[in-house]
Each structure stands twice: as C-alpha cells, then as structure tokens.
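Please examine the sequence and the model shown below before reading on. The paragraphs that follow proceed from the overall fold to individual side chains.

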Amino acid sequence: MNEDSRAICFVVMGFGKKTDFESGRTIDLDATYEAIIEPAATKHNLRCIRADEIMHSGIIDTPMYEMLLQSDLVIADISTGNINAVYELGVRHALRPNCTIIMKEREGRLYFDLNHVNTFEYDHLGEDIGAREARRATRDLGVLIKEVMASGKTDSPVYTYLPRLMQPKLNEEEFSDLVDETEAAQESLSELMQKGEAAMKASNPEVAVNAFKAAAHLKGPDPFIIQQLALATYKAKKPSPLAALIASVQIINQLSPDISNDPETLGITGAIYKRLWHLTNDRPQLDAAIRYYGRGFEVRRDYYNGENLALCYEFRQGLQTDPDEALYDRLSARKIRTALLETLLLLIETPSFDERVDRRWVLATLANCAYALGKPQDGEQFEKRFMAEQPANWEIETYQESKMHVLSISSSDAQDKL
C-alpha cells in the first residue's frame, strides 16, 4: 500500500483533443490538465487523479462513484460539453455538499442549468494554452482551491436547496488501494502518449504506432488515441504504403467518419483517401477525400481541412471531362484559399499567435495559399517563417509535397490561359 497521505483531488474531464460542436473549436484538454489543473493542485499538496483513467482502464462504475464520494476535492472541467464530465459532476453534487470546483474554457457555453453556479474560466488557444494565461489560471485556480477547501462552504446545488439532506458515508477500507491503482494507470497511459507524440515529432512513426497501440489497449476505444494511431499508421508506410493506408482506414472507421462531425476525424480520413488516390489513381478515392475534407471544413472552417479541400478540388479539376465541372472545381478551390488567406492573415496578427503550438502549420498553409493565388513573394516569406519554426522532417515533407502540387497546378492553369 502506498503511504502517500496527501488529500485527493479527483479531476473530472475529457482526454486528449475534443471538439466543442457548439463553437466548432477543438481543445486539447490534456494541455488544460498539464498546464493549469495539476500544477495548481500539486502546489497545494494535493494528489491528482483523472476520472477518465478510471472510466476506461477496465475497472469501471464502482471505483468512479467511490472517487466521487471520497475525494477531498473534485475539479470538473466541462469544456466542450463533455457528457461524462457533466454526469459525474452531477453525481458529485448529489454525494458531497462542498469541495467541488467547476471550470470551463471561456468561449464554451454551459450545456446544463449551471448558470447559477460559480464557474472558474480560462482561455484556451485550441492546441495549447499560452504561457501567460497558464500562469494566470494556475495562480487563480490555486487561490480558489485554498478557499474552497478551507471554508467548507456548500457549493452543491443539491445540498443548497435540500439543506437537511444527509451526506452518505462509505467504508474507506479499499479506497487507498483504488487511488494507488488508478494513479499507476494514469502514469502509464500518460507515458505511452508522450512516447507516441515524441516519436511522431522525431519522424519515427513506427515507434509511435507501437506506443499508441499500447495506449489503446490500456485505455480502450478513445477517439483521440484512435485518431493518433490512424495517423501514425499511414505515416509509417509499413509493410507497404498501400497496406498502411488500408490499415488506417480500418482504424479510423472505428469512429464512423461517414456520420461523424468531428473535424479531426474527418481531416485524418480525408488525408487517408487523398493518399489512396495518389497511389491508385482511383477517382472514387479522390471524391471520398473531398467529401470528408468538405464536411470537416463546413463544421469547423479550419485551415487544415480547408487547404486540403482546395487541393483536392484542384486535383479533380484536371480529371474532369466536362468544362463546367472543371470550372466549378477550380473556382471552389480559389474561393476556399482566398477565405483561408484572409482568416489566417488576421490570426497571425493576434497577440497570442506566438504562443500557438500549431503556428508552423498556419504559416505553411499561408505559404501554399499565397503560391496558389499567384503571390509567390508572399509565399516565400511565409515559407521562411515556417522553416524557422524547425518542423520535423515528416512535416517538411508534407509541406513540400503540397507545395509541389500547388505549383504544378498553378503552372498548368497559366498554360491553359495562354
């Protein structure tokens, strides 16, 4: 038995990147945990346990309710309207009158009748949290943790409106062992995900595949892990590029991309079918890529799906036998790139742009849009800024591949106009 006697902070929140379908934004909840919640709780000598580790580590239901009842403090991040987090928050409010903190990303809406309950808010850039906001939010959350645990003031609406309700009691005999077991699973999963992400950054997708497979085995069918495994699998190109793409289709199909509105799932699925078309020249594969990228762009209006949608329209333009269909594809691509250029030029002027972890991809997209729209000098400037971010080798290869296609198509269009 672990002799760690620190008070328990049970953290109720999602895992990895989750999309808020109300706003279309994708938020990396791991960044929230690592940059704000864990540092704030640890500073106050609390032992952090994440709820999702219990929900998906093979020991379900009873341990979850035990943690919601026994934990000294519960922090529930309900950003993106995570239904598990909202449900677990409700259970906590029913079990304990106090020591519960609700938090959410500032632009997210409250998906339940919680407007009368104090909620801690923070700003999220999507992929990451800026350093200044992380310091601010960690400090302020720490102050709130100290106040909540010291005051013992009722913060549960259940006990506020039913003041004579008696809090249930439970034997604590096995609770300590449960905390130890959950903490061990949490560290193991976190290590596997970090290993996979580091391998991808080091352009070693084969190692990433093994790490993400192990993480999926440990945690179960989590959308974020499935997305990362599908991406790493087709990047690994083993045992052959075609076999890897077919395997990736089987992996991403676990998330039902035909009916999904998750832009991450749709973007990865579009990328798989785009590469299948490159290998096979089979037109339906390109049509499928346009379908997935198109829905991803409609849902979120994000630059990744948008740039690839434009590129696929340009690919299909060259295959059309009907001049009207070819013109439709060409104009569609141009409109998308114009919209992306306008949006991203505003984005790079925002004060928080230098704190975004995806800024290299924003710059790469700007470069390709500028080249495609006949602005080579702007394209060169954005390309230099992209390279200055020191992207991984596979990221440079992906950019160069897209740039080559853009320049080739632009050259063909120029010849057609002569």
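Among contacts in the protein between residues at least 6 apart in sequence, what percentage join residues at least 24 apart? The share is 67%, where contact means heavy atoms within 4.5 Å. The model is a predicted one, in which local features need pLDDT of at least 70 and side-chain atom pairs count only at pLDDT 80 or more, while totals for chains, interfaces and linings use all residues. Residues are numbered from 1 along each chain as its sequence is written, and side-chain values use heavy atoms, with hydrogens and water left out.

The protein contains 17 helices and 7 strands; these are DSSP runs numbered from the N terminus, with helices being H or I of at least four residues and strands E of at least two. The radius of gyration is 24 Å, close to the 22 Å that the globule rule gives for 418 residues, so the protein is as compact as a globular protein of that length. That radius is taken over C-alpha atoms, and the globule rule is 2.2 Å times the number of residues to the power 0.38. Along the principal axes, the C-alpha atoms fill a box of roughly 85 × 45 × 35 Å. Of the 418 residues, 53% are buried, the term meaning under 20% relative accessible area, with exposed meaning over 50% and partly exposed lying in between (1.4 Å probe, protein chains only).

In soluble globular proteins, nonpolar side chains tend to be buried together. A nonpolar core is here a set of buried Ala, Val, Leu, Ile, Met, Phe, Trp, Tyr and Cys residues joined through side-chain atoms within 4.5 Å. The largest such core has 68 residues, of which M193, I272 and V362 touch the most other members. Helix α9, spanning residues 223-236, gives the most to this core, with 9 residues. A second, separate core of 25 residues includes V11, I37, A137 and L141.

Apart from neighbours within four places in sequence, I272 is in contact with Y234, L245, S248, V249 and I252.

The C-alpha atoms of L363 and F382 are separated by 5.5 Å, although the two residues are 19 apart along the chain. Not counting residues up to four places away in sequence, L363 touches F353, F382, R385, F386 and E389. F386 belongs in turn to an aromatic cluster with W361, W394 and Y399.

A pair of aromatic rings is described by the distance of the centres and the angle of the planes. Rings of Phe, Tyr and Trp (its six-membered ring) pair if their centres lie within 6.5 Å; planes under 30 degrees apart count as stacked, over 60 as edge-to-face and the rest as tilted. The whole structure has 8 aromatic pairs. For Y293 and Y304, the ring centres are 6.3 Å apart and the planes stand at 70°, so the pair is edge-to-face. Y293 lies in helix α12 (residues 283-300) and Y304 in helix α13 (residues 303-317), so the pair ties together parts that are 11 residues apart in sequence. Y293 is buried at 0% relative accessibility, whereas Y304 is partly exposed at 34%. Y313 and Y328 form another edge-to-face pair, 6.3 Å centre to centre with 85° between the planes. This pair links Y313 in helix α13 with Y328 in helix α14 (residues 323-347), 15 residues apart. Y313 is buried, with a relative accessible area of 12%, and Y328 is partly exposed, at 47%.

Charged groups also meet rings. A charge sits over a ring if NZ of Lys or CZ of Arg is within 6 Å of the ring centre and within 35 degrees of the ring normal. The charged end of R50 sits over the ring of Y33, 4.7 Å from its centre, and R291 lies over the face of Y292, at 5.2 Å from the ring centre.
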